[in-house]
Amino acid sequence: VKDLIPNCEYYFRVKAVNKIGGGEYLELRNPIIAEDPKQPPDPPVDLETHNPTSKTVTLTWKPPLFDGGSKIMGYIIEKLAKGKERWERCNDYLVPLLTYTVKGLEEGKEYQFRVRAENAAGISEPSRITPFVKAVDPIEAPKVFLAANLQSGLEVKRGDEIILEAHISGSPYPSITWLRNDEVVRPEDIKKRVTVPKKKKGESILSVRDSIRADHGTFTIKVENDHGVAKASCEVNVLDTPGPPVNFVFEDLRKNSVICKWEPPLDDGGSEILNYVLEKKDNTKAEMGWVTVSSTLRHCKFHVTKLIEGKEYLFRVFAENRVGAGPPCVSKPMTAKDPFSPPDAPNKPDVEDVTSNSMLVKWNEPKDNGSPIIGYWIEKREINSTHWARVNRNLVNALEVKVEGLLEGLTYIFRVCAENAAGPGKFSPPSDPKTAQDPIIVPGPPSCPEVKDKTKSSVALAWKPPQKDGGSPIKGYIVEMQDEGSTEWKKVNEGDKLFPTCECVIPNLKELRKYRFRVKAVNAAGESEPSPATSEIPVQDILEEPEIFLDLKAQDLLSCRAGTTIKIPAVIKGRPVPKTFWEYEGKAKTAAKVEATDTRSEIIIPECNRSHSGRYSITAKNKAGQKTVHVRVNVLDVPGPPKDLKVSDITRGSCKLSWKMPDDDGGDRIRGYVIEKRNIDGKAWTKVNPNCGSTSFVVPDLITGQEYFFRVRAENRFGVGPPAETIQRTTARDPIHPPDPPIKLRIGLVTKNTVSLTWKPPKNDGGAPVTHYNVE
């Protein structure tokens with residue numbers, strides 16, 4: 001029976017029916033309520049234990065797969081101690097949730113647990129029993145972590161509160177100790193400004209009220225239990241104004257200036273020093289206040305100027321950071337005065353290296369009287385004058401000076417004074433008188449001679465003039481030589497036959513003999529010291545292998561137009577003079593003309609043509625060796641005629657021409673082909689196309705039945721070459737093939753000696769009318 005209404009009461013009856021009819025009904029005595037049957041639920045599933053301690057354990061499970069047709073009202077938890085036989089109920093009231101913490105366990109004992117579900121129909125069978133669980137606290141080493149905002153340190157201003165928060169874990173729960181700079185933090189140590197309020201388990205907060213600069217440092221929280229120790233640290237910076245600078249001293253005291261110098265504060269207040277403020281005070285007047293010298297100093301040093309000589313001053317300096325300025329550092333009283341006096345007078349100067357317009361003045365350094373000498377002033381006076389003239393515009397730092405611009409023939413004296421920070425001192429006594437005139441001495445030696453050339457009987461030498469001519473022009477040079485095995489130097493030329501230039505040729509020497517040479521310079525004062533001597537030089541001819549230098553245009557490839565003149569010039573070097581000859585492809589070139597000297601050879605080919613293309617060689621030969629240089633010549637001309645010109649694919653309106661490239665392209669790339677045609681009755685050739693890039697072409701527009709000749713010419717950038725022509729005439733007509741066979745052959749009248757045959761013409765006549773039939 002279907003489609004009943006839930007919770008409604010129904011009566012039912014039933015009767016039997018056969019083909020005659022129905023019998024009597026059988027009815028229920030009591031009504032039936034339409035509702036699902038109820039029964040106790042299935043047991044819970046997936047029972048698990050969590051977080052056991054010495055007193056408790058937490059259980060979790062999942063509801064039964066079938067609730068028995070009635071809502072689960074709650075759960076019953078049971079435990080069984082190890083060694084016991086009876087299960088004990090753990091909860092007095094049904095547990096409505098899927099988790100429960102069992103309390104009241106005995107430390108050290110082992111327990112098993114199970115869970116039952118209950119609905120309106122009853123209590124389910126128990127769930128699967130858990131494994132034994134021991135009632136002991138878990139073992140966990142302590143851990144501590146500072147709050148996220150403290151990971152990179154904490155910075156507060158003076159007077160603000162320092163708050164440090166940490167998160168703690170561990171089992172058993174660890175003990176907590178706060179330290180600063182490795183010392184335990186106690187409220188009494190920080191004037192009772194420290195508090196550690198008690199928070200919930202797992203947290204600890206350290207608070208320092210009214211912070212001061214001394215509170216900065218490393219704060220550490222230390223947690224400890226039986227299983228270990230853990231620490232976490234935070235750098236705390238309390239910002240304050242910096243302390244006073246230290247070690248204020250004076251340097252380089254002068255009558256109107258002084259350099260103030262100090263060192264940074266021992267405590268920068270936790271922030272970078274931005275600048276210093278320097279102030280001064282006139283200590284001779286009590287009513288005078290402090291005056292700012294500079295308020296933007298980045299360094300610990302400052303040069304104070306514009307002081308009044310003889311006055312006493314006080315200085316003080318403040319350090320500033322981004323919080324503000326700290327207390328000052330005050331100097332000792334200082335009186336503005338120079339600690340030294342001008343230098344003494346130098347000794348009498350010496351005058352050297354006298355010329356017609358200059359003299360070198362030298363002196364010794366005098367006593368500086370407490371301040372380093374910064375330079376010297378030099379004065380000059382003509383001996384017949386009473387006026388001293390300053391030589392230098394700027395202080396001279398050396399102990400000598402070259403005085404120039406003197407007048408030749410006049411006599412001069414000089415004096416010098418030194419200057420330091422206190423000013424110039426007294427002048428020295430005047431120097432001895434000196435007249436401005438050039439001294440004349442013998443010149444310096446020339447440079448060592450070099451061999452520029454030699455033969456079997458002579459040597460050519462060259463040298464450089466002396467660096468100093470001795471004050472007189474060089475008149476000439478004397479050359480001396482020393483024979484092999486001798487220690488005596490002989491003059492090649494005498495003093496009345498000087499070599500005027502720095503080179504000479506020494507003749508009449510013995511072949512294969514060795515000689516050494518040296519040179520002397522001569523001026524009005526006499527002969528110089530000899531130059532360094534050469535090494536021993538053997539007298540013999542110099543052998544040099546031949547060298548050939550071609551014109552740059554002909555070094556790799558020489559290209560020229562047909563009909564022009566080919567010239568290949570070559571410069572020849574070598575000792576002795578080499579003999580030269582030209583060859584073409586390894587053979588002498590008879591058509592060429594050769595013009596040659598000792599140092600030059602040139603081959604000339606007038607009115608060249610393509611046959612003159614190829615490799616030309618010039619060979620130079622002497623006792624020292626042989627040298628050959630090659631030049632490739634390319635004579636450029638129009639291309640030759642194409643090859644194998646053929647006609648094919650003839651129709652009544654066109655034909656196809658094909659050919660091969662010429663054997664000779666004229667030395668240049670073929671750009672295309674010119675195709676021409678001629679009627680057999682005509683004399684003029686007509687261009688078929690302006691240019692053809694391939695080696696075949698279909699000639700269009702032929703007249704049917706007309707006979708033609710064709711020719712093809714190759715073209716490069718130098719022009720169109722000779723043609724290749726067809727020998728046989730070409731008739732413009734469609735191609736003729738044999739006809740197809742006749743069709744429908746029939747036998748007609750037959751007699752004793754004749755037979756009558758009939759047939760029809762072929763379907764295709766092969767392109768021409770059928771002229772006759774052959775009967776077999």
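1. Largest pocket. In this predicted model, the largest pocket holds about 380 Å³ of space. Its lining counts 17 residues, and the closest to the pocket's centre are Pro742, Val770, His772, Tyr773 and Asn774. By class, that lining has 11 nonpolar, 4 polar and 2 charged residues.

2. Nonpolar surface patch. Strands β62 (743-750) and β63 (755-760) each supply at least two of the patch residues. Val775 lies in the segment after β63. Val775 counts as exposed because its relative accessible area is 56%, and the cut-off for exposed is over 50%.

3. Second largest pocket. About 290 Å³ of space lies in this one. It is lined by 15 residues. Nearest its centre lie Thr355, Pro439, Ile441, Lys468 and Gly471. The lining divides into 4 nonpolar, 6 polar and 5 charged residues.

4. Salt bridges overall. Side chains of opposite charge can pair when their charged atoms come close. How many salt bridges does a search of the whole structure find? The count is 37.

5. Glu379 and Arg390. The side chains of Glu379 and Arg390 meet in a salt bridge, at 3.9 Å from N to O. Glu379 sits in strand β32 (residues 375-382) and Arg390 in strand β33 (residues 389-390). The two are 11 residues apart, and the pair links distant parts of the chain. Is Glu379 buried or exposed? Glu379 is buried, with a relative accessible area of 9%. Arg390 is partly exposed, at 44%.

6. Glu450 and Lys452. These side chains also meet in a salt bridge, at 3.6 Å from N to O. Glu450 is partly exposed, with a relative accessible area of 46%. Lys452 is exposed, at 56%.

7. Asp734 and Arg652. Here the salt bridge is 3.7 Å from N to O. The partners are 82 residues apart and link distant parts of the chain. Asp734 is in the loop between β61 (730-731) and β62. Arg652 is in the loop between β54 (643-648) and β55 (655-660). Asp734 is partly exposed, with a relative accessible area of 36%.

8. A network. Which residues are linked in a network of salt bridges? They are Glu480, Lys491, Arg518, Lys520 and Glu527.

How values were computed. Residues numbered from 1 in each chain as written. Predicted model: local features only at pLDDT ≥ 70, side-chain atom pairs only at ≥ 80, totals over all residues. Heavy atoms only, no water. Helix = DSSP H or I, 4+ residues; strand = E, 2+ residues; numbered from the N terminus. Buried < 20%, exposed > 50% of the residue type's maximum accessible area, 1.4 Å probe, protein only. 1 Å grid on protein atoms, 1.4 Å probe; cavity = no way out; pocket = protein on both sides within 12 Å on 5 of 7 lines; lining within 4 Å. Points joined across faces, edges and corners; volume = space filled by probe spheres on them. Nonpolar A, V, L, I, M, F, W, Y, C, P; charged D, E, K, R; others polar. Salt bridge = Lys/Arg side-chain N within 4 Å of Asp/Glu carboxyl O.
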